[in-house]
Amino acid sequence: MLEIVNLHATVNGNPILKGLNLTVKTGEVHAIMGPNGSGKSTLANILAGKEGYTVTKGEVRYYDRNLLELSPEERACEGVFLAFQYPVEIPGVNNTYFLKTALNSIRKYRGEEELDAMDFLNLVREKIKLVEIDEDLLKRPVNEGFSGGEKKRNEIFHMAVLDPKLAILDETDSGLDIDALKIVANGVNVLQSEHNSVIVVTHYQRLLNYIVPDFVHVLWDGRIVKSGGKELAQQLEEQGYDRIKEEASRTATGAAV
Amino acid sequence: MNPSKKNWYLTQFDLFDKNGNGKKNATSAAIRDKARNIFTSGDFPTTDDESWKYTNLSPMLQYNFSPAFIPDPSPEKTDPVRSLFMDGTSRMVFINGWLNEQFTSIQGIPKKAVIKNISEAVRTNSDLTGEFLGKQSLAVQQPFPALNLSMLNDGAFIYLPDGSELSEPLHIIFYTVPGGRTLMNQPFVQIVASDNTRAGIIIHTVGLPGEVYLSNAVTEVIAGKSAKIEIANIQYENLQSFHIHSLFMKQSSDSQLSHHAFSFGSSLARNDVSATLDGENGECVLNGLFTIEGQQHSDHSTVIDHAKPNCRSREVYKGILNGKSTGAFNGKIIVRQDSQRTDAKQSNNNLLLTKEATMNTRPQLEIFADDVKCTHGATIGRIDDTALFYMRSRGIDPYRAQSILTMAFAMQLVEYLPWESLRLQLQERIAAQFNFRN
C-alpha cells in the first residue's frame with residue numbers, strides 16, 4: 001500500500017531525509033525507531049502533507065498514486081491518518097463537532113452518505129470504549145486544557161472514528177504513563193486488522209511491548225540503517241543506538257572505499 | 001470647524017426648528033441650545049487628535065447630511081425591520097428618527113417605570129427628563145454627541161425606579177431608510193436604572209441598503225447602587241453609511257453593568273465608550289466584536305475610569321478583518337489615585353484574514369494608585385497554521401477549516417450574551433458572513 005523510494009527531503013535547506021526506503025503492505029505494523037534528530041517526525045509529517053518540507057528526490061507511492069501530489073485533506077480522505085506528536089488545541093471548536101465534520105468530509109469525498117447526528121453519536125459511543133476517554137472531553141473544545149495523556153488518547157479516538165487505512169503514530173508514547181500507554185496501545189491493537197496498516201514512530205522501545213510490530217526499522221541520519229523483526233527493538237533497548245550508529249558509519253565508510 | 005460645514009449644520013438647526021420636530025418642548029429646547037453651543041464652538045476631530053489617529057473622517061465630511069423632518073418611509077421599505085423582532089420582548093422601533101407606533105409594543109412595565117419615546121417623555125415626565133436627559137453627553141463637550149442633541153427629537157427614554165425589574169429584555173430598533181436627501185439619523189437612548197434594578201436592553205441600529213447616510217447614535221446609561229444591567233448594541237448599518245456611536249456609562253456602588261457591542265456594517269464605524277465606576281465594588285464589563293470586509297473601517301475607543309476603590313472591570317474586544325478593511329482599538333483604563341484594590345483586565349484579539357487588512361491596537365493604562373491588579377493583552381494574527389493543518393490532516397478542506405476557526409474566534413463574544421434568541425440571530429449572521437455551515 002505504501003512504497004517510499006529513495007526519499008530525500010530538506011527543511012529550510014537542511015537535508016533531513018537522505019535516501020529513505022520503506023515498503024509497507026496492507027495489514028502490517030511497522031515501527032520506526034531512532035534517536036532524536038534522525039528524521040522520524042519529518043517522515044511522519046511529509047506523509048501527512050505538512051508544509052515546510054521540500055522533497056528533493058525520490059517518491060512516495062500510496063496505492064499506486066503519488067502521495068506527495070495530494071493535499072493533506074485528500075490524503076486523509078484516501079485513508080492516511082497522522083496521530084500528532086503534539087496534538088493541536090483549537091479553542092472554540094467542540095471536539096465532537098470537529099470529528100463529525102472530519103468524518104463527513106471524508107465520507108463525502110468517498111461518495112458515501114454523510115452521517116446524521118444520531119448515527120454519529122452511536123458510532124462515537126462504540127469507539128469511545130476503545131480508548132477509555134472521558135465523555136466530558138467530547139464536549140470540550142478540541143484538546144483545549146486536555147492533559148498530555150488525554151490529548152494522545154483523543155488522537156487515538158479520532159483515529160478510531162475515522163478508521164484509516166494507514167495510521168502513522170508520531171511519538172504517541174511520549175509523555176504517557178504506563179496505564180495511558182496500555183490504553184493507547186490497546187486502542188491501536190483493536191483497530192489494526194488485515195485491512196489496514198500502522199507505522200509507529202517512536203524513540204523508545206516500551207510502546208512496542210504493547211503494540212507488537214511485524215517489522216522494526218532504525219532510522220539514523222535520514223536513512224533506514226537497519227531493519228528486522230520485533231527482536232530488533234529489544235536489542236536497541238539493551239544496547240542503545242550507539243552500536244547501530246557505529247555499524248552504520250562503518251558501512252557508509254566501507255561503501256565509500 | 002470648516003466654516004461652510006458649520007454653516008450647513010446651522011442651516012439644518014434652523015430648518016429643524018421651523019419644521020417643529022421637537023414640538024417646542026422647554027426641556028428639549030434647553031438641551032438643544034446647550035448642545036448647539038458646544039457643537040458650534042468645537043470642531044470635528046482630525047487624525048491629529050490622539051484618539052482619532054486611525055480614523056479619518058474626511059470621507060464623511062464630504063457629505064451634507066439632513067435629518068428626516070417628517071416620518072415618511074413607505075411600509076414596504078419599513079417591513080424588513082420585522083426580521084429583527086424577537087419573541088417576548090417589549091419593543092420600540094424608530095424609523096429615520098421617528099417612533100413607529102405600528103411596530104412598537106410595550107407591555108408589562110414595572111410600576112412607576114417610564115419606557116417612552118423622548119418626545120412623549122419630555123411632556124409627561126418633565127422632572128425625570130429634566131434631571132437626567134443628555135447630561136453625560138453635554139458634560140463631555142464632544143462634537144458628535146453635541147450634534148445628536150442639537151436636533152434632539154425622539155429616541156428612547158427608560159427610567160426604572162428603585163428595586164424594579166424588567167423580566168424580559170427591552171428591544172429598541174433604530175432603522176434608517178435612506179433616500180431623497182442625504183439623511184442623518186441620530187438615535188438617542190437614555191437609560192436610568194435606579195438602585196437595585198435588573199434589566200436587559202438590546203439596541204439595534206440598522207439601515208436598508210442603498211444610499212449613503214449618517215447614523216450618529218448616543219447611549220447614556222446610569223446604573224444605581226446594586227443595579228444589574230446588561231446592554232447590547234448591534235450595528236447592521238448599510239455598507240455606504242457612516243456610523244458613530246457615543247456610549248456613556250456611569251455606575252454607583254455594588255452595581256454590575258455589562259455592555260456588548262457587535263459591529264458589522266457601515267463604511268466607517270467609530271464607537272466611543274466612556275465608562276465610569278463611580279462607587280465602590282462596582283463591576284463593569286465591556287465586550288465587543290467587529291467583523292469587517294472590503295474597504296470597511298471600524299474603530300473602537302474605550303475608556304474605563306476606575307474613579308472609586310475596589311472595582312472590577314473586564315474588557316474583551318475582538319476584530320475580524322477581511323479584504324482591505326482597516327480597524328483600530330484603543331483601550332484606556334484610568335485608575336485614580338484613591339482607587340486602591342482596583343482589578344482591571346483587558347484583552348484585544350484580532351484576526352486578519354487577508355494580507356491587505358490592517359489593524360492597530362493600543363492598550364493605554366494610566367494608573368495612579370499603587371495597590372491594583374491590571375492586566376492587558378493585545379494580539380493581531382492570522383488563522384493559526386498549525387490548527388489549519390491539524391484540521392486538514394483529518395480531512396477537512398482548508399476553506400471549511402478557516403471558516404470553522406473564524407467562527408470559533410467570533411463565537412466567544414456571542415456566548416457572553418445572556419439572551420439565547422439574540423445569540424442565535426448573531427450566530428446565523430456571522431455564519432453567513434464566513435460561509436460557515438453546520
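The entries below go from whole chains to single residues.

**Ground rules.** I'm working with a predicted model, where local features need pLDDT of at least 70, side-chain atom pairs count only at pLDDT 80 or more, and totals for chains, interfaces and linings use all residues. Residues are numbered from 1 along each chain as its sequence is written, with chains lettered from A and ligands numbered from 1 in the order in which they are written.

**Chain B, overall.** I started with chain B and found eleven helices and 21 strands; these are DSSP runs numbered from the N terminus, helices being H or I with at least four residues and strands E with at least two. The radius of gyration is 21 Å against 22 Å from the globule rule for 438 residues, so chain B is as compact as a globular protein of that length. For the record, that radius is taken over C-alpha atoms, and the rule is 2.2 Å times the number of residues to the power 0.38. The C-alpha trace of chain B spans about 70 × 50 × 45 Å along its principal axes. I get 51% of the 438 residues of chain B as buried. Buried here is 20 or more other C-beta atoms within 10 Å of a residue's own, exposed is 12 or fewer, partly exposed is in between, and the C-beta atoms are placed from the backbone.

**Chain A, overall.** Chain A has nine helices and twelve strands. Its radius of gyration is 18 Å, which agrees with the value near 18 Å for a compact globule of 257 residues. Along the principal axes, the C-alpha atoms of chain A fill a box of roughly 65 × 40 × 35 Å. In chain A, 44% of the 257 residues count as buried.

**Where A meets B.** How many residues of chain A are in contact with chain B? I get 20, against 15 residues of chain B, a contact being two C-beta atoms, placed from the backbone, within 7 Å. On the chain A side, the elements giving two or more residues are α2 (72–77), β7 (90–94), α3 (95–109) and α6 (148–162).

**Helix α11 of chain B.** I checked the length of α11 (residues 420–433): its 14 residues should span 20 Å at 1.5 Å a residue, and the end C-alpha atoms are 20 Å apart, which agrees. The expected span is 1.5 Å times one less than the number of residues. Which residues of α11(B) are buried? They are B:L422, B:L426 and B:I430. They cover an arc of only 60° around the axis, so they sit on the same side of α11(B); the arc is that of the directions from the helix axis to the C-beta atoms. B:E420, B:E428 and B:A432 are exposed on the other side. Among what covers the buried residues I noted β13 (256–263) and α10 (398–415) of chain B. Just after the helix, B:N435 takes a positive phi of about 55°.

A:R206 is in the loop between β10 (197–202) and β11 (215–220) of chain A. It counts as partly exposed because it has 15 C-beta neighbours inside 10 Å. Leaving out residues up to four places away in sequence, A:R206 touches A:D173 and A:L181. Next I followed β11(A), which runs antiparallel to β12 (residues 223–228) with five bridges. A:L219 has A:I224 as its bridge partner.

Methods:
Pairing = 2+ DSSP bridges.
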